Amino acid sequence: MSRNPLIVALDVESRAAAMQLVERCGDLAGFYKVGLELFTAEGPGIVRDLAAAGKRVFLDLKMYDIGETVKRAAARAASLGASLLTVHCVPQVVRAAVEGVEGSDTRILAVTVLTSFDQRDLEDLGITGRTPAEHVLSLASRGAEAGAHGFVCSPREARALRELAGPARLLVTPGVRSAGASAHDQKRVATPAEALAAGADYLVIGREVTRADDPAAALGRILDGLS
Ligand code: C5P
C-alpha cells in the first residue's frame, strides 16, 4: 500500500482522551478526524496542536450556512492547518468553501448522504422516489460542478461516485466495519477492503478503533487486512 488510507475519528470528549488515542495509534493512521464532539469540547486549539505535531487533520464540521459565512469559516479552518474540511453538498455552500480555502492546501469534501441514513430517513427530508444511491449521485454531480475537491459517501456508493467524480477527486467513506464488527447506528456499511476496492481513497474508522481495548492493535488488524 503506497499510502495509509485510514482516518481515525477522534470521537471523544476531551483533549486528554484524544491525545492518548493519537499517542497510542501514532503513524498507524494516515489522518486524524476532529468532529463535532471534540471540536465543541476543546475548540480550534486541538486542530492547531495536532497539525503542529505533524498529524494530518480532517476537520469534520459539515458546514452549512450562507455563502459568506461558510467562506470565512473555511478560511479560518485552513489557517488552523486542517488538511480536509467537510461542508454539505449544496452548490452555494461548496462554492463558498472552495473560495475560502483558495491559496491554501486545505481540500473541501462535500458530504452527500449520511451513512446512518436509509431510504426512510431520506423520506423524512421530503426526498421521495429516489434511493440513497441515486440521491448521492444527484447531489455529487452538482457538488462537482461547484468545485468540490472530493466527497464523503458510503462505501456502497463509492463505485458509482468514482465514475462520476473522476480520478482526481478524493473519496472518503465512513460506515466502514470489519467483518463481524458492530455496525452501531450506521446503516450503509461495508468492510475496509470492499470500500477501497470500490474506489475510496480514505476510510474513516471510528468506534471500531476508538472503543477497542487496544486501538493500535485494532488499527494494525485493519491495515493487515488491506495489504
Ligand atoms: O464510529 P464510526 O466508525 O461509525 O464513526 C464514523 C465517523 O464518520 C463519525 O465521526 C461520523 O461523524 C463520521 N461520518 C459519518 N457519515 C458521514 C460523514 C461523517 O459517519 N456521511
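**Ligand and helix contacts**

Trainee: How far is a nitrogen atom of the ligand from an N or O atom in the side chain of threonine 115?

Mentor: Keep in mind that we're looking at a predicted model. A pair of N or O atoms counts as a polar contact if they sit within 3.5 Å. For the side chain of threonine 115 and that ligand nitrogen, the distance is 2.8 Å.

Trainee: How much of the ligand's accessible area does the protein cover?

Mentor: Start with the ligand on its own, which has 470 Å² of accessible area.

Trainee: Which residues come nearest to the ligand?

Mentor: There are 16 residues around the ligand. Out of those, the nearest are Asp11, Lys33, Thr115, Arg177 and Arg207.

Trainee: Now the helices: what is the handedness of the crossing of α4 and α5?

Mentor: First, find α4 at residues 67-80 and α5 at residues 91-100. Their axes come within 7 Å and cross at roughly 35 degrees. As for handedness, the crossing is right-handed.

Trainee: How many nonpolar residues does the contact of α4 with α5 have?

Mentor: Residues meeting there include Val70 and Ala74 in α4, and Val93 and Ala96 in α5. Besides three polar and two charged residues, the nonpolar ones number six.

Methods. Residues are numbered from 1 along each chain as its sequence is written. This is a predicted model: local features need pLDDT of at least 70, side-chain atom pairs count only at pLDDT 80 or more; totals for chains, interfaces and linings use all residues. Side-chain values use heavy atoms; hydrogens and water are left out. Axes are lines fitted to C-alpha atoms, for helices over the stretch in contact, and angles run from 0 to 180 degrees between N-to-C directions. Helices (H or I, at least four residues) and strands (E, at least two) are DSSP runs, numbered from the N terminus. A crossing is left-handed if the near helix is turned anticlockwise from the far one by less than a right angle, and right-handed if clockwise. Contact means heavy atoms within 4.5 Å. Ala, Val, Leu, Ile, Met, Phe, Trp, Tyr, Cys and Pro count as nonpolar, Asp, Glu, Lys and Arg as charged, and the others, Gly among them, as polar. A residue is near a molecule or strand if one of its heavy atoms lies within 4 Å of it. A polar contact is a pair of N or O atoms within 3.5 Å; within protein, one must be able to donate a hydrogen and the other to accept it, and residues adjacent in sequence count only if both atoms are side-chain atoms. Accessible areas come from the Shrake-Rupley method with a 1.4 Å probe; for residues, only the protein chains shown count as cover.
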